[in-house]
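Reader: I've got a new structure open and would like to learn how to read it. Can you walk me through a few features?

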Amino acid sequence: MSNTQMPNLNIGEKNQLKLERLQSTLNRACKNVPFHRNRLIEKHVMPEDIISLRDLEKLPFMERTHLGLNYPYGLFAVPLRDIVRIHTAPGTGTNPSISGYTRTDLIIWQKLVARSLEAAGVTPMDILQINLPPGLANWGRDYKDGAETMGAGVIPNSPLSLAKNLMVLRDYKTTTLVTTAAFAEQLMDHMFDNEHNPNELNLKRMVLVGEPLTLAQTKPLEERLHVDVWLNYGLSEIPGPAIAFQCSARCGMHLNDDHILPEIIDPETLKPVPYGQKGELVLTTLSARAFPLIRFRTGDMAQFIEAPCECGSPLMKMEWLPERSDNMMIISGIKISQHQVREYLKDALGTDQPDCKMEKFRHGGTESLGISLVIDDRLFSDEIKSLERLINETAEQLAEKIGVGVKLTLTEKEHKS
């Protein structure tokens with residue numbers, strides 16, 4: 001039996017397979033990662049106490065802050081000599097978050113990405129083009145590997161202009177574009193503004209990543225560009241872009257629950273919600289050897305779908321909801337920690353607590369982070385050029401750190417009359 005395919009088993013047998021993989025993950029994590037072992041001891045629970053999937057509730061949660069606190073290699077469960085790839089994400093504090101992969105991890109993940117592409121109708125006859133922002137560059141590598149695994153042609157992620165991307169789409173006869181909703185809409189507007197007919201392209205489908213989208217958001221893309229739009233759900237932390245994916249039924253998203261075990265909890269009580277009710281999505285890796293995560297709180301809101309899928313897949317289904325249970329912002333598919341941004345501004349500008357407002361804005365079709373910073377005596381400078389230089393340098397350095405463009409503007413403090 002392949003470790004990357006959901007076997008044709010009944011429900012009891014499938015749950016037993018998941019339980020065995022969960023027990024193996026817990027044993028490896030407890031043996032090799034002090035963070036996991038100490039937290040299990042604090043909860044008075046050991047791997048041998050987990051004898052059913054319901055016992056998952058006994059285990060402590062992980063949060064994004066734990067990734068930064070254990071920087072760089074504190075959560076790795078294998079020796080560094082067994083690590084063949086390391087990914088870095090911005091994180092939520094001063095340290096980035098790091099995840100590692102063994103050769104076996106990469107093989108499994110390539111096949112899971114291929115599974116998501118096959119569900120979207122991609123075949124070895126297709127040419128897949130990847131256009132993702134710098135903050136999702138690791139996902140671009142994952143999609144390249146997954147598409148190559150299934151034998152499709154791949155045009156890897158490259159920093160091309162919008163016009164050059166369109167040229168490649170047309171001249172290379174791309175059939176599948178993997179990108180974000182922001183770029184897809186930018187491409188659509190550019191084509192129509194410059195009178196490019198969609199029939200010039202061989203494009204059949206778009207696989208959009210990074211944020212949940214409604215039918216009202218995807219329908220204009222499908223109708224104007226003559227393509228099918230498919231959504232993929234992923235996380236930078238565990239371990240990439242195709243944790244869940246749409247199938248031909250277009251009713252929710254299938255979770256790769258044979259390798260990643262999902263829960264949905266009430267973010268206030270931290271208790272599981274009744275099946276079918278919405279709550280925060282929590283994920284536990286079942287087959288990741290290098291970087292096992294246990295009950296990782298994603299901050300994403302979702303709800304399970306109970307009805308069997310028309311496509312016949314035995315994988316669990318969920319609906320990915322637009323709300324969040326944390327204060328993260330999604331910009332061009334990249335999750336931005338407002339706490340991290342404030343901490344960076346505090347250090348860069350030498351203020352105790354920067355008074356600022358953050359919002360997503362779009363300029364020329366590109367999504368960026370807009371920050372309005374209130375000037376106070378600590379920031380005020382008689383030398384305007386010095387202040388402007390400080391603000392511009394801070395915006396550039398912050399953009400490099402979080403992976404999206406940043407526009408930092410100064411505003412005066414409002415005075416109450």
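Predicted model: local features only at pLDDT ≥ 70, side-chain atom pairs only at ≥ 80, totals over all residues.

Reader: How do strands hold on to each other in general, and which residue stands opposite Val-154 in strand 4?

Author: Strands of a sheet pair through backbone hydrogen bonds, either parallel or antiparallel. In this pair, Leu-128 is the residue facing Val-154 of strand 4.

Reader: What order do the strands of the whole sheet have?

Author: Read across the open sheet, the eleven strands go 4-3-5-6-7-8-9-13-12-11-10, and the pairing is mixed. At the edges you'll find strand 4 (153-155) and strand 10 (260-265), each of which pairs on one side only.

Reader: Now the helices. How are helix 4 and helix 5 packed, by angle and by distance between axes?

Author: Two packed helices are described by the angle between their axes and the distance between the axes. Here helix 4 (residues 103-119) packs against helix 5 (residues 137-149) at about 75°, and the axes are 8 Å apart. An angle from 65 to 115 degrees counts as roughly perpendicular, so that is the label for helix 4 and helix 5.

Reader: Which residues of helix 4 and helix 5 meet?

Author: From helix 4, look for Trp-109, Gln-110, Lys-111, Val-113, Ala-114 and Leu-117; they meet Asp-142, Tyr-143, Asp-145, Gly-146, Ala-147 and Thr-149 of helix 5. Sorted by class, that contact has six nonpolar, three polar and three charged residues.

Reader: Zooming out, how is the protein chain divided into domains?

Author: Domain 1 spans 1-326 and domain 2 spans 334-411. Their C-alpha centres lie 30 Å apart, and 18 residues of domain 1 are in contact with 14 residues of domain 2.

Reader: What does the UniProt annotation say about residues 156-283?

Author: The unreviewed UniProt entry annotates them as "domain: AMP-dependent synthetase/ligase". In the model, that span is 27% helix and 25% strand, with its end C-alpha atoms 29 Å apart.

Reader: Last one, the backbone: is the peptide bond from Tyr-71 to Pro-72 cis or trans?

Author: It's cis, with omega near -5°. You'll find Pro-72 in the loop between helix 3 (64-69) and strand 1 (85-89). Have a look at Lys-173 too: it has a positive phi of about 60° although it isn't a glycine. Lys-173 sits in the loop that links helix 6 (162-171) and strand 5 (176-180).

How values were computed:
Residues numbered from 1 in each chain as written. Heavy atoms only, no water. Pairing = 2+ DSSP bridges. Helix = DSSP H or I, 4+ residues; strand = E, 2+ residues; numbered from the N terminus. Axes fitted to C-alpha atoms, helices over the stretch in contact; angles between N-to-C directions. Parallel < 35°, antiparallel > 145°, perpendicular 65-115°, else oblique. Contact = heavy atoms within 4.5 Å. Nonpolar A, V, L, I, M, F, W, Y, C, P; charged D, E, K, R; others polar. UniProt positions renumbered as here; feature names shortened; annotations may be inferred. Domains from an automatic or database assignment.
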